[in-house]
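Keep the 3D view open and follow along.

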Amino acid sequence: MTDQNYDTSDVLVVGSGIAGLAAALGAVRQGDDVTLATKATRPEGASSWWAQGGIAVSRDDPEQFKEDILAASDGTADPAAVDVLVENANDAVEDVLFETLEVEFDRDGDDPDYAREAAHSEDRILHVDAATGKHVHVPFLNYLDAREGVEITDDTAALELIRHEGCVHGAMLESDGEVRPHYAGSVVLATGGIGELYGRTTNPDDATGDGIAMAALAGADVADMEYVQFHPTVCVDGESPFLVSEAVRGEGGLLRNGDGERFMPEYHADAELAPRDVVARAVKAEREATGEVLLDVSPLDFETEFPGLAERCADHGVDWGEGIPVAPAEHFLCGGVAVDEYGRTSLDRLYAVGECSRTGVHGANRLASTSLLEGLVWGLRAGEDAAGRGVERIDAPDLLERDPDLPERFARDKFHRLRRVMDEQLSVERDPDDLGRAMAVLRRLKGEVDAYVRTRTSRSLYELRHASVTALLVARHAAENDRSVGTHNLVTEPAEPPADD
């Protein structure tokens, strides 16, 4: 590696969802040069682009907002972290979304049209139809793209962190087959979720847990990985499942089983607006008992209130007038790289924000429409804190490329095996007796992938490595937690052991 074969910036942000964009904004406002590297091909490849419901704010009652977050988490969220979120919510949204980006949220006359979703006790969610994510993400991305001091490199993957003795100095980035070290004064991980670890997910295709795995392999603390949230209403008619926003139930949509019966009042006093983990388990149980679950949208003017979703149903051949067939799908990881109130990890100069981080806000179950807000609040705080550090070059990892390319089906077959374990053993319900066996299968799979990584370097191989590391962390944390709470729901019925094939 020659002295010229590297790049530098004051702050390197990995990921281009709202958390990464907010971190870049926070850092560049402090006068730092920022590189934002993302695997996404703009804009659809970022999870934030797909967010439907909206972004919750405190309005004039942060204390009630805090109580709702704690209740949805079944009392497991960190109250201090929740305080950071609710106390900064209004200012962050006003600063970035209204004043800087001028996002045109839906309005009720002269005032914002605040919506309500599951487990919220009042109307507090800003939204644009049922496609809030792209209406925030696109202007945010364009704003930074035009701002001096910010360089956005898409279709670029981070493979490994550059670190030494507990300090991170950059990352190895791959673009168009070339791998180069990128040195930075600080690195902010904003790589999103872990949807690719499951067979059905609301995440974009490249959500392989990269940031979590890189941080864990570098020695950073990771927490709450067992808390994987499943969205209860994903349309499953056809080959391309898609999310049906919780806002539909907030406006009066009802869940009915295959016998046409409304069932949620039997599971929870809040019925369709119960916390997500409750609704997901109920939908799963009713599908197994009666063959299907339909989201009945007849109580509302669906086509007028949710024109984007009505159009998407039509595009998929779904007759929403007859009910939308739904099932749970992996949606959001509540845990991740452990961080403090400024997104600082246990490693010096390494930050994590958004879904790849564990702030403590969500605990065992995330309250609806808090993910965009958490990304915005922690992203700004992390970016500001990460600025002002000098770049220090150290020896970069020597990623070898001395063996033949992988067999054509290698990554696909390994991912199939990984997803089978995750779907069968680490999904909506988990059997404690099977978690140890699942962990053993995943440990063997990780070992097989590691053997290839030692002598080959490619994006697909490193994504598989990151996925296997992250899956093993989910299994390990689940096996170590014998308390059934929130999204970590333990059952004792016998289940088929994961096949090691």
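Asn257 has Val293 of β15 as its bridge partner. Helices (H or I, at least four residues) and strands (E, at least two) are DSSP runs, numbered from the N terminus, and two strands are called paired if DSSP finds at least two bridges between them. Strands of a sheet pair through backbone hydrogen bonds, either parallel or antiparallel.

Before going further, a word on what you are looking at: this is a predicted model, in which local features need pLDDT of at least 70, side-chain atom pairs count only at pLDDT 80 or more, and totals for chains, interfaces and linings use all residues. Residues are numbered from 1 along each chain as its sequence is written, and side-chain values use heavy atoms, with hydrogens and water left out.

Now step from β15 to its other neighbour. Two bridges connect β15 to strand β16 (residues 324-333), again in the antiparallel sense, and here Leu294 is partnered with Pro325 of β16. What is the order of the strands in this sheet? Reading across, it is β13-β12-β16-β15-β14, an open sheet of five strands with antiparallel pairing. β13 (242-243) and β14 stand at the edges with a single partner strand each, so one side of each has no neighbour in the sheet. At the β13 end, strand β12 (residues 228-235) pairs with β13 over two bridges, antiparallel, and Val234 stands opposite Leu243 in β13. Helix α9 (residues 276-290) packs on this sheet, touching β12, β14, β15 and β16. Its direction makes about 140 degrees with that of β16; axes are lines fitted to C-alpha atoms, for helices over the stretch in contact, and angles run from 0 to 180 degrees between N-to-C directions.

There is another open sheet to find, this one of three strands in the order β11-β17-β19, with mixed pairing. Its edges are β11 (222-223) and β19 (357-358), each with a single partner strand, so one side of each is left without a neighbour in the sheet. β11 and strand β17 (residues 336-338) are antiparallel and share two bridges, with Ala223 partnered by Gly336 of β17. Helix α6 (residues 210-218) lies across β11 and β17, at about 45 degrees to β17.

The contact (heavy atoms within 4.5 Å) is made by Ile18, Ala19, Ala22, Ala23, Leu25, Gly26 and Ala27 of α1 and by Leu372, Gly375, Leu376, Gly379, Leu380, Gly383 and Glu384 of α12. By class, these residues are nine nonpolar, four polar and one charged; Ala, Val, Leu, Ile, Met, Phe, Trp, Tyr, Cys and Pro count as nonpolar, Asp, Glu, Lys and Arg as charged, and the others, Gly among them, as polar.

α1 also packs against helix α5 (residues 132-145), at an angle of about 30 degrees and with the axes 10 Å apart. α1 and α5 are therefore roughly parallel to each other. Ile18, Leu21, Ala22, Ala24 and Leu25 of α1 meet Val136, His137, Phe140, Leu141, Tyr143 and Leu144 of α5. This contact has 10 nonpolar residues, one polar and no charged.

The residues in contact include Phe410, Phe415 and Met422 of α13 and Leu461, Leu464 and Val474 of α15. Overall, 10 nonpolar, one polar and two charged residues make up the contact of α13 with α15.

How far can you trust the picture? The mean pLDDT (the predictor's confidence in each residue, from 0 to 100) of the protein chain is 92, and 94% of its residues reach 70 or more. Over residues 494-498, however, pLDDT stays under 50, and the model has 14 contacts beyond four places in sequence for them. Where pLDDT is low, the predicted coordinates should not be read in detail.

Note on methods
Parallel < 35°, antiparallel > 145°, perpendicular 65-115°, else oblique.
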